[in-house]
Amino acid sequence: MLSGEFSSINIEDIYIKRDDRIRKEVTPESIDSMAESITRCGGLIHPIILDREHTLVAGETRLSACKQLGWDRISFQYLDTLSEREQLLIELEENVRRKDLDWKDKCDALLKFHNMQVESEDVWTVSDTAKAVGYSVSATSEQLSVARAVVAGNSLVMAAPKLSTAKAIVSRQNEREASDMANAISTTAGPKKSNEILTVDFNLWAPSYSGTPFNFVHADLPYGINFQSTSQGAVAEHGEYNDSEDVYWKLLGTLLDNTDRLFAESSHLIFWFSLNFYQQTLDKLKTKFKVDPYPLIWFKSDNTGILPDFNRGPRRVYETAFFCSRGDRKIIQAVGNAVAAPGGDKVVGHASEKNEAMLGHFFRMIVDSNTRMLDPTCGSGSAVRVAKRMGAQSVLGLERDEKFAEDARRALG
Ligand SMILES: C[S@@+](CC[C@H](N)C(=O)[O-])C[C@H]1O[C@@H](n2cnc3c(N)ncnc32)[C@H](O)[C@@H]1O
């Protein structure tokens, strides 16, 4: 409520300056909602503000609503009778609706307006702010959340091109935080050591795991295509591993048999697979996860890849992964489902080492400071390194081969 004296003026005598640069967003909806609020409150709580020439300074929505209600006169105050604080409040309130300000400035004005009112009034709620600026309570509450994220330096929100994108990011982050909190409450064991690579057999380890479930599993099992007998596999500089089909199905079976033990109720899985087994793999994963049927694609920009039959077919220069979720877990941000990165650009030199830049691209959907990641067959540990670098809360890689595991540990640091 403003201090000082109110006067009343004939609505016809008010002059409205039409300056397109600072035109306000006075929409039919905001006028209707203001008219309804005025009727409900039995009158105008905040007078409009005029300068000494009776030009409208603030309160265009209120004025339009009073006109719509058929009023002849309206209460007002002169701008120069208001305190500095009141003038600032009015400026902020007007900025919220200015068309020439970008969404971040408008959110910032709304938050400053709201905070000033909360500090000075006995009881001031989001719905009071909503009433004052003529927005719905939910729109006001969403914009305040966005503004707080901007003030907190949330780079993803700050980079959003428009308010609707920023709102979607904040809402997804809130949902992820809520589900992570629920996950944490429902599990008794706290996160173990945060960055680890163990030399173990996943098939033996999984059934006896009793720690905190993971909210992100990156699975790059042996593809089951007898990779070692292909031209690319044969030139592997750094050891071999059994890549027979039965090894693949056994490891996938272990992952699915232990889903409830390994995966948090709200979690993601990135699952690399050979297109030889597209349908069977999809059908199996769908028994436990929501699976996007459009796989993620890594195009190897240096044209490396397996050439199964140089007389009859092309070199396979891309790899595919299913993107899966449990409990409708939201992503952090959307990225393209295909990315180009060289296949030969290896950090450790494992035969099947995934490119770190490529992993980083897809992990932008998933990894944040609440991420607890498991890679059950981590090889060189590429995914573990990338998730750690992206600030994951904890990363755990498993690798059966002692030499691979040692190299991965060294590279993880
Ligand atoms: C496709 S590679 C993983 C490559 C890895 N994503 C990388 O970027 O370096 C599969 C790995 O699984 C390991 N492996 C095979 N069977 C395993 C098992 N039962 N438990 C743990 N690791 C296993 C192999 O030794 C191999 O290093």
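Trainee: So strands are DSSP runs of E, at least two residues long, and they are numbered from the N terminus. Where does histidine 54 lie?

Mentor: Keep in mind that this is a predicted model. Histidine 54 sits in the loop between β2, residues 48-50, and β3, residues 56-58.

Trainee: What is phi of histidine 54 near?

Mentor: Phi there is near 65°, a positive value in a residue other than glycine.

Trainee: And how exposed is histidine 54, buried or partly exposed?

Mentor: Histidine 54 is partly exposed, because its relative accessible area is 24% and buried means under 20%.

Trainee: What else is in the loop between β2 and β3?

Mentor: Aspartate 51 has its place there. Aspartate 51 is partly exposed, with a relative accessible area of 24%. Its side chain reaches the backbone nitrogen of threonine 55 at 2.9 Å.

Trainee: Which residues is aspartate 51 in contact with, leaving aside neighbours within four places in sequence?

Mentor: Those are Val57 and Tyr78. For a sense of distance, the C-alpha atoms of aspartate 51 and leucine 204 are separated by 79 Å, and the two residues are 153 apart along the chain.

Trainee: Back to phi. What is the phi of aspartate 328?

Mentor: Aspartate 328 has a positive phi of about 50°, although it is not a glycine. You can find aspartate 328 in the loop between β9 and β10. With a relative accessible area of 45%, aspartate 328 is partly exposed.

Trainee: New topic, the ligand! Which residues come nearest to it?

Mentor: There are 22 residues around the ligand, and Asp220, Lys354, Ser380, Ser382 and Glu399 come nearest. By class, that shell has 9 nonpolar, 7 polar and 6 charged residues.

Trainee: What lies 2.6 Å from an oxygen atom of the ligand?

Mentor: That is a polar side-chain atom of serine 380. A backbone N or O atom of lysine 354 is 2.7 Å from an oxygen atom of the ligand. Histidine 350 has a side-chain N or O atom 2.8 Å from an oxygen atom of the ligand.

Trainee: How much of the ligand does the protein bury?

Mentor: Taken alone, the ligand exposes 610 Å², and the protein buries 99% of that.

Trainee: Okay, on to the inside. Which residues of the largest nonpolar core touch the most other members?

Mentor: That core has 31 residues, and Ile270, Trp272, Met358, Phe362, Phe363, Met365 and Met373 touch the most other members. Several elements each supply at least two residues of this core, including β7 (263-273), β8 (290-300), α14 (356-363) and α16 (402-412). Another core, of 29 residues, lies apart from it, and Tyr209, Ala219, Tyr248 and Leu396 are among its residues.

Trainee: I see Met365 in your list. What is methionine 365 in contact with?

Mentor: Leaving aside neighbours within four places in sequence, methionine 365 is in contact with Arg176, Leu296, Phe323, Ile331, Ile332, Gln333 and Val335.

Trainee: Where is histidine 218 found?

Mentor: Histidine 218 is in strand β6, residues 214-219. Histidine 218 counts as buried, because its relative accessibility is 1%.

Trainee: Which side chain does histidine 218 make a polar contact with?

Mentor: The partner is the side chain of tryptophan 272, at 2.9 Å. Not counting residues up to four places away in sequence, histidine 218 touches Ile270, Trp272, Leu359, Phe363, Met373, Leu374, Asp375, Pro376 and Ala383.

Trainee: What about tryptophan 205, which helix is that in?

Mentor: Tryptophan 205 is in α9, residues 202-205. At 13% relative accessibility, tryptophan 205 counts as buried. Beyond residues up to four places away in sequence, tryptophan 205 touches Leu198, Val200, Phe214, Leu262, Leu374, Leu396 and Leu398.

Trainee: How far apart in space are tryptophan 205 and threonine 254?

Mentor: They are 9.7 Å apart, C-alpha to C-alpha, and 49 residues apart in sequence. For isoleucine 306 and tryptophan 205, the C-alpha atoms are separated by 31 Å, with the two residues 101 apart along the chain.

Methods
Residues are numbered from 1 along each chain as its sequence is written. This is a predicted model: local features need pLDDT of at least 70, side-chain atom pairs count only at pLDDT 80 or more; totals for chains, interfaces and linings use all residues. Side-chain values use heavy atoms; hydrogens and water are left out. A residue is near a molecule or strand if one of its heavy atoms lies within 4 Å of it. A polar contact is a pair of N or O atoms within 3.5 Å; within protein, one must be able to donate a hydrogen and the other to accept it, and residues adjacent in sequence count only if both atoms are side-chain atoms. Accessible areas come from the Shrake-Rupley method with a 1.4 Å probe; for residues, only the protein chains shown count as cover. Ala, Val, Leu, Ile, Met, Phe, Trp, Tyr, Cys and Pro count as nonpolar, Asp, Glu, Lys and Arg as charged, and the others, Gly among them, as polar. A nonpolar core is a set of buried Ala, Val, Leu, Ile, Met, Phe, Trp, Tyr and Cys residues joined through side-chain atoms within 4.5 Å. Buried means under 20% relative accessible area, exposed over 50%, partly exposed in between (1.4 Å probe, protein chains only). Helices (H or I, at least four residues) and strands (E, at least two) are DSSP runs, numbered from the N terminus. Contact means heavy atoms within 4.5 Å.
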